[in-house]
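Colleague: I've got a fold open on my screen and I'd like to learn how to read it. Could you walk me through a few features?

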Amino acid sequence: YNQGNKLLGSIVARLSGGGKYPQTYWTPLLPFYVNRWLNLVLTGAKQLLQAQTFRSERIKTPDGGLISVEWLDTPGQRQLNDDAPLFLVLHTIEGHSGNHGCWVRDAAERGWRVAVFNRRGAGNLPLKTPRFNVLGCPDDVHCQTRHACGKFPDAKFVGMTGLSAGSALLISY
């Protein structure tokens, strides 16, 4: 850090050990982080425990492609008012709606209506046209957003997030 900066110096001085990291770190989950096979098992178990159900709405694009809007399908989501805010998710390169259990669960618990946008060829969608981009197509996101907002025109707020490659698509959109 900049040792000439008094604010940073006072923060570092308040840290235990004068701002140095501890020599050792221990957590009961450490074996899962150290062993790649145990980490793989833990990750798989986590995904199974966080699995969510979705209702798919397929959308045919103007050029004949196929994309979808996957709505989180839970009793709480079905009871939301029409003006509930929308939380739209753009998934990772190899992702689909089923890969985002913790994100969609947390948003749903906060009263958001949740949808995941599946790109062409993702989430069991057939790739019907030669137009393909590994990050996704901004025109497709526009179609999906128009579809979602058209279904809930009274939504108080529309928020969109992109995860990994989805964030690149969000910036392009």
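Colleague: Let's start with Leu8: how exposed is Leu8?

Modeller: Keep in mind that this is a predicted model. As for the general idea, a residue counts as buried under 20% relative accessible area and as exposed over 50%, with partly exposed in between. Leu8 has a relative accessible area of 35%, so Leu8 is partly exposed. Leu8 lies in helix α1, residues 6-14.

Colleague: Which residues make the nonpolar surface patch?

Modeller: Leu7, Leu8 and Ile11 make that patch, and it covers about 260 Å².

Colleague: Now the sheet. What is the strand order?

Modeller: Read across it and you get β1-β2-β4-β3-β5: five strands in an open sheet, with mixed pairing. β1 (54-60) and β5 (158-162) are at the edges; each has a single partner strand, so one side of each has no neighbour in the sheet. On average, neighbouring strands are turned by 25° against each other, ignoring direction.

Colleague: In which sense do β3 and β4 pair?

Modeller: Parallel, over five bridges; β3 is residues 86-90 and β4 is residues 113-118. If you want a spot to look at, find Leu90, which stands opposite Phe117 in β4.

Colleague: And which strands does helix α6 touch?

Modeller: Helix α6 (residues 138-151) packs on the sheet and touches β1, β2 (66-72), β3, β4 and β5. The direction of α6 makes about 40° with that of β2.

Colleague: What about helix α7?

Modeller: Helix α7, residues 165-172, packs on the sheet too, touching β3 and β5. The direction of α7 makes about 130° with that of β5.

Terms used. Residues numbered from 1 in each chain as written. Predicted model: local features only at pLDDT ≥ 70, side-chain atom pairs only at ≥ 80, totals over all residues. Heavy atoms only, no water. Patch = residues over 30% accessible without salt bridge, like charges linked within 9 Å, V, L, I, M, F, W, Y side chains within 5 Å. Areas by Shrake-Rupley, 256 points an atom, 1.4 Å probe, with all protein chains shown as cover. Salt bridge = Lys/Arg side-chain N within 4 Å of Asp/Glu carboxyl O. Helix = DSSP H or I, 4+ residues; strand = E, 2+ residues; numbered from the N terminus. Buried < 20%, exposed > 50% of the residue type's maximum accessible area, 1.4 Å probe, protein only. Pairing = 2+ DSSP bridges. Axes fitted to C-alpha atoms, helices over the stretch in contact; angles between N-to-C directions. Contact = heavy atoms within 4.5 Å.
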